[in-house]
Amino acid sequence: MRFDVKKNALSLVVWALLLTAPLWVDRVGAYPELVTQVVVMGLAAMSLNFLLGYTGVLSFGHAAYFGLGAYGVGLTIRYLMPSTMAGLAVGVLVGALAAALIGPMIVRRRGVYFAMVTIAFGQVFYFIAFRWNNVTGGDDGLTNWHRENLHLGFATFKLMDSPYDFYYFVLAVFAICTGLMALILRSPFGRTLIAIRENERRSRFLGINVNFHIWVSWVVSCTFMSVAGALYALLNNFVDPRAFYWSQSGVFVIMCVMGGMRSFWGPLLGAAVYVVLQDYLSSVTPNWMSFIGLVFVAVVLFFPRGFLGVLRRRASE
Amino acid sequence: MSFLKVESVSKHFGSLVAVDGVSMNVQKGECRAVIGPNGAGKTTFFNLITGMLGLTSGRVVLDGQDMAGIDPSHRVKLGMARTFQITEIFPELTVRENVRIPVEVAAGLHLSPRMPAHLKASVNDRIEQLLEEGGLTRIAHRYAGELSHGDQRACEIMMALALNPRLLLLDEPTAGMGDDETHAVARLIKRIHRESHMTIVLIEHDMRVVFNLADRITVLAEGKPLAEGTPAEITANERVQAAYLGGAA
């Protein structure tokens with residue numbers, strides 16, 4: 001198979017920027033934790049977009065799995081064993097398992113009903129984290145733990161001590177997750193998901209078991225979402241119940257819509273814009289959310305396909 | 001024994017009786033047309049056969065197997081493929097992708113997270129073959145939503161054929177088309193029927209198409225069976241004439 005540079009131009013640009021980020025972040029007034037946050041939130045938005053953009057199903061409760069990943073890693077490191085990798089594994093496993101069990105109750109619904117049921121389940125987790133004070137720390141969040149350095153036989157990665165080591169660790173996880181998503185989307189299974197997005201009735205009458213396929217897509221999407229949640233907790237060495245809250249789910253949807261739901265990298269761009277705007281605006285005004293809201297409204301009105309949708313169109317014209 | 005056996009099926013929507021005790025026996029390899037004035041219940045009748053709607057009473061049997069309790073997507077796997085009155089395709093995908101999806105489903109790949117190397121060539125060959133048969137090769141790279149009505153219909157029919165069905169159900173394949181397109185689609189159906197001896201049931205308004213294609217005709221009126229017979233018998237049937245003329249008067 002030959003590598004088509006033109007077709008993969010966007011991916012090449014994205015990877016070049018991400019890989020070289022530590023070399024130029026200081027010069028543009030940013031800092032390593034901010035780029036790390038962009039990558040983590042980008043992974044979250046891209047995970048949601050697997051379901052939203054490529055299966056055509058809107059979830060308003062993905063924060064539940066983000067939060068499960070986050071609490072999974074935090075609780076494991078705090079109570080069970082001080083290991084970044086073990087925490088990550090537990091977080092992802094818990095998120096995936098919850099998604100697999102809750103999924104069958106959700107996938108029979110469509111449209112606004114699907115969205116409402118996903119919110120409802122998300123809120124259940126929020127209240128558990130909020131109320132179960134002596135384990136989760138309740139409203140104050142889960143503190144007194146931090147990510148651990150990673151010792152592999154041949155090398156030690158100073159995840160805790162060096163922000164760049166942690167950035168590249170996050171980027172490696174991001175690469176694995178997005179690589180897997182890209183592979184799945186290019187497979188016959190991925191095409192079946194796109195078929196469901198495009199026309200559910202036609203898909204059903206091609207003999208596709210639509211609900212089952214949506215369930216699989218849901219589990220894949222939520223699993224990567226809990227990876228993102230776990231990384232987010234590791235980044236902050238902290239997690240609080242707002243990770244579960246439905247407005248957090250809304251933020252992920254906003255990132256997807258702003259960046260462009262129909263493009264693979266769109267949600268990453270949406271996340272970058274959101275995170276950077278938030279970082280900048282919140283230091284200027286406490287009302288930063290209204291400005292992000294304005295940007296969002298403008299995007300929906302004038303670029304319904306998101307930033308990347310606009311760039312794409314320009315490029316093809 | 002008939003290949004498709006519909007035994008006095010009925011469908012009630014509340015107090016409205018949309019289909020009332022209709023039976024139909026279609027032989028293997030037959031092309032059957034279902035006709036009737038507007039509101040005769042033809043599409044509802046189709047939806048009962050494909051399982052899109054549940055039966056109020058009656059039975060649908062495909063090749064000896066009772067379809068009761070089998071959902072639509074499973075009926076497709078058992079060999080029932082259909083097209084819709086309003087074309088159902090994937091508008092934002094290219095024609096080739098539209099055909100690729102059912103070909104992969106038929107190859108059992110729809111849950112496969114990667115394309116097995118040994119099937120790649122045969123899947124691609126099958127796609128090109130279907131595109132060729134449907135006269136779609138030259139427009140295969142275009143988005144299906146951009147095509148003319150007739151080409152979209154040809155695309156939909158080839159998608160149904162990609163599933164290797166044993167029974168092809170076509171709901172008004174020439175609805176809303178001009179003469180040229182109607183002619184092209186009718187020719188396509190005729191060729192499919194002649195070359196593959198596929199069992200076909202179609203609803204059709206255009207009588208030229210019906211008389212050109214059908215081996216036998218079932219006439220419905222107000223949800224009830226009105227007549228059944230060869231095209232010549234139906235033309236001569238006084239009750240059919242009365243129903244159509246009465247509807248027009």
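The chat below goes through a predicted model with chains A and B.

Student: How are the residues numbered, and how are the chains lettered?

Tutor: Residues are numbered from 1 along each chain as its sequence is written, and chains are lettered from A and ligands numbered from 1 in the order in which they are written. Since this is a predicted model, local features need pLDDT of at least 70 and side-chain atom pairs count only at pLDDT 80 or more, while totals for chains, interfaces and linings use all residues.

Student: How many helices and strands does chain B have?

Tutor: Chain B has nine helices and 10 strands, where helices (H or I, at least four residues) and strands (E, at least two) are DSSP runs numbered from the N terminus.

Student: What is the order of the strands in the open sheet of four strands?

Tutor: The order is E2-E1-E4-E5 in chain B, with antiparallel pairing, and two strands pair if DSSP finds at least two bridges between them. Strand E2 (16–26) and strand E5 (65–66) of chain B stand at the edges with a single partner strand each, so one side of each has no neighbour in the sheet.

Student: How many bridges join E1 to E2 in chain B?

Tutor: Seven bridges join strand E1 (residues 4–13) of chain B to E2(B), and the two run antiparallel; Phe13(B), for instance, has Leu16(B) in E2(B) as its bridge partner.

Student: Switching topic, how many residues does each chain give to the contact between A and B?

Tutor: The contact takes 25 residues from chain B and 18 residues from chain A, two residues being in contact if their C-beta atoms, placed from the backbone, lie within 7 Å.

Student: Which element gives the most on the side of chain B?

Tutor: H3(B) gives the most to the side that touches chain A, with five residues; the elements of chain B that give two or more residues to that side are helix H2 (72–77) and helix H3 (95–106).

Student: And Tyr274(A), is that buried or exposed?

Tutor: Tyr274(A) counts as buried because it has 23 C-beta neighbours inside 10 Å; a residue is buried if 20 or more other C-beta atoms lie within 10 Å of its own, exposed if 12 or fewer, and partly exposed in between, with C-beta atoms placed from the backbone.

Student: Where is Tyr274(A), and which residues is it in contact with?

Tutor: Tyr274(A) is in helix H12 (residues 266–284) of chain A, and, leaving aside neighbours within four places in sequence, Tyr274(A) is in contact with Val251(A), Ile254(A), Met255(A), Met258(A) and Ile292(A).
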